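Here is my note on the model you sent. Please read it with the structure open beside you.

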Amino acid sequence: RTGLSAALRELSADPAAAGFALSAGAAEELLRLTQALPMGILQVGASGATLFSNPRWFEITGVPATSSFADLVALAEPATRTSLTDMLSRCSTEGTEAELQFTLETPAGRRRVCWLRLSALTAAAPRHSVLASLEDVTSAHRLHRRLVEAAERDPLTRLLNRSAIVERLERSLRRAAEDDLLVGVLFIDLDDFKSVNDRFGHATGDDVLQRVGDAITGCVRRDDLVGRFGGDEFVVIVPDLHDAASARLLAARIMTALGDVVVVPGQLLITGSVGVAAAPARATSADRLLEAADAAMYEIKRRRAAC
């Protein structure tokens with residue numbers, strides 16, 4: 001990229017060329033330099049007109065070869081369109097550089113994650129021409145998401161794993177502290193789950209854990225977070241609570257849902273114990289809140305066993 005930018009600066013040293021159009025020889029040289037590049041190249045003049053482009057720009061965007069930077073903006077997600085326009089204006093007027101990752105949708109309906117870099121080219125005029133380079137990073141973005149998911153998700157249930165639950169809970173506590181709200185935690189333990197594996201095998205046990213995860217997920221709000229804490233233990237984070245009553249109602253719904261999970265018809269139903277803890281975000285930590293919910297769950301088990 002550095003070599004290409006240097007070549008463009010030399011070719012654009014003439015203010016007239018930089019502001020309005022490149023000569024035929026300069027355009028031919030630019031095409032030779034950019035033909036084999038994996039990124040799209042577009043040079044935008046001070047007036048906003050396209051001075052140069054390579055074929056890869058139009059392969060990535062899927063637009064006709066006569067299209068401009070404004071056409072790229074139109075393809076971007078609405079939330080990033082203003083940012084793209086502002087980037088171009090700032091680079092042109094201030095002679096700076098800027099970069100942004102964003103998502104666009106081609107006219108054919110393909111969604112692509114792209115990395116855009118804008119660099120102002122040397123010019124003696126009040127406004128600079130700008131070199132835009134565009135990379136399709138969709139594959140790398142998908143790989144990154146898969147790696148993040150693999151690090152955060154339980155491979156059996158696809159719920160958040162233990163470390164991700166703790167991290168999300170810490171994040172929820174920080175956010176709730178700003179609004180002086182409560183954060184609730186539900187700690188769920190299946191009753192006598194070992195007998196399921198012993199009597200029916202681990203394959204049946206795995207199937208039950210998956211269905212339990214689905215049952216819990218079906219009870220929560222959109223902003224609640226569900227995770228498998230380990231073994232037959234599950235955790236639900238209930239953020240932004242105004243009172244603890246909502247968390248207790250959710251616990252009751254989950255208990256009812258667990259009763260619908262059947263291991264073997266007519267032989268064994270799943271039951272569980274749910275402990276609830278809720279605290280002001282400023283007064284506790286993730287570990288303490290989890291410990292409190294865990295203790296509440298074991299107290300429920302103790303009382304049930306004493307009856």
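Predicted model: local features only at pLDDT ≥ 70, side-chain atom pairs only at ≥ 80, totals over all residues.

1. Helix α6, length. Helix α6 covers residues 78-94, 17 residues in total. At 1.5 Å a residue it should span 24 Å. Its end C-alpha atoms are 25 Å apart, which agrees.

2. Thr-80, Leu-84, Met-87, Leu-88, Cys-91 and Ser-92 are buried in α6. They cover an arc of only 115 degrees around the axis, so they sit on the same side of the helix. The face turned away from the buried side carries Pro-78, Ala-79, Thr-82 and Glu-94, which are exposed.

3. Helix α6, surroundings. What covers its buried residues? The cover includes β1 (40-44), α5 (69-75), β3, β4 and β5. After α6 comes Gly-95, with a positive phi near 70 degrees.

4. Strand β4. Is this strand enclosed or open to the outside? 7 of the 10 residues of β4 (residues 111-120) are buried, so the strand is largely enclosed by the rest of the structure.

5. Partners of β4. Strand β3 (residues 97-105) runs antiparallel to β4, and 9 bridges join the two. Glu-99 stands opposite Arg-117 of β4. The two strands form a hairpin, with 5 residues between them. In that turn, Gly-109 has a positive phi of about 90 degrees. β4 also pairs with strand β5 (residues 130-136), again in the antiparallel sense, over 7 bridges. There, Leu-118 has Ala-132 of β5 as its bridge partner.

6. The four-stranded sheet. An open sheet has its 4 strands in the order β7-β8-β6-β11, with antiparallel pairing. Its edge strands are β7 (225-230) and β11 (272-280), each pairing on one side only. Direction ignored, neighbouring strands of this sheet are turned by 20 degrees against each other on average. β7 and strand β8 (residues 233-241) run antiparallel and are joined by 5 bridges. Within this pair, Val-226 stands opposite Val-236 in β8.

7. Helices on that sheet. Helix α8 (residues 162-179) packs on the sheet and touches β6 (182-190), β7 and β8. The direction of α8 makes about 15 degrees with that of β8. Helix α12 (residues 286-306) packs on the sheet too, touching β6, β7, β8 and β11. The direction of α12 makes about 140 degrees with that of β11.

8. Two residues deserve a look. Most residues other than glycine have a negative phi. Arg-158 has a positive one, near 65 degrees. It lies in the loop between α7 (138-152) and α8. Arg-158 is partly exposed, with a relative accessible area of 39%. Asp-192 is not a glycine either, yet its phi is positive, about 50 degrees. Asp-192 is in the loop between β6 and α9 (194-200). How exposed is Asp-192? Its relative accessible area is 57%, and the cut-off for exposed is over 50%, so Asp-192 counts as exposed.

Methods. Residues numbered from 1 in each chain as written. Heavy atoms only, no water. Buried < 20%, exposed > 50% of the residue type's maximum accessible area, 1.4 Å probe, protein only. Pairing = 2+ DSSP bridges. Axes fitted to C-alpha atoms, helices over the stretch in contact; angles between N-to-C directions. Contact = heavy atoms within 4.5 Å. Expected span 1.5 Å × (residues − 1). Arc of directions from axis to C-beta.
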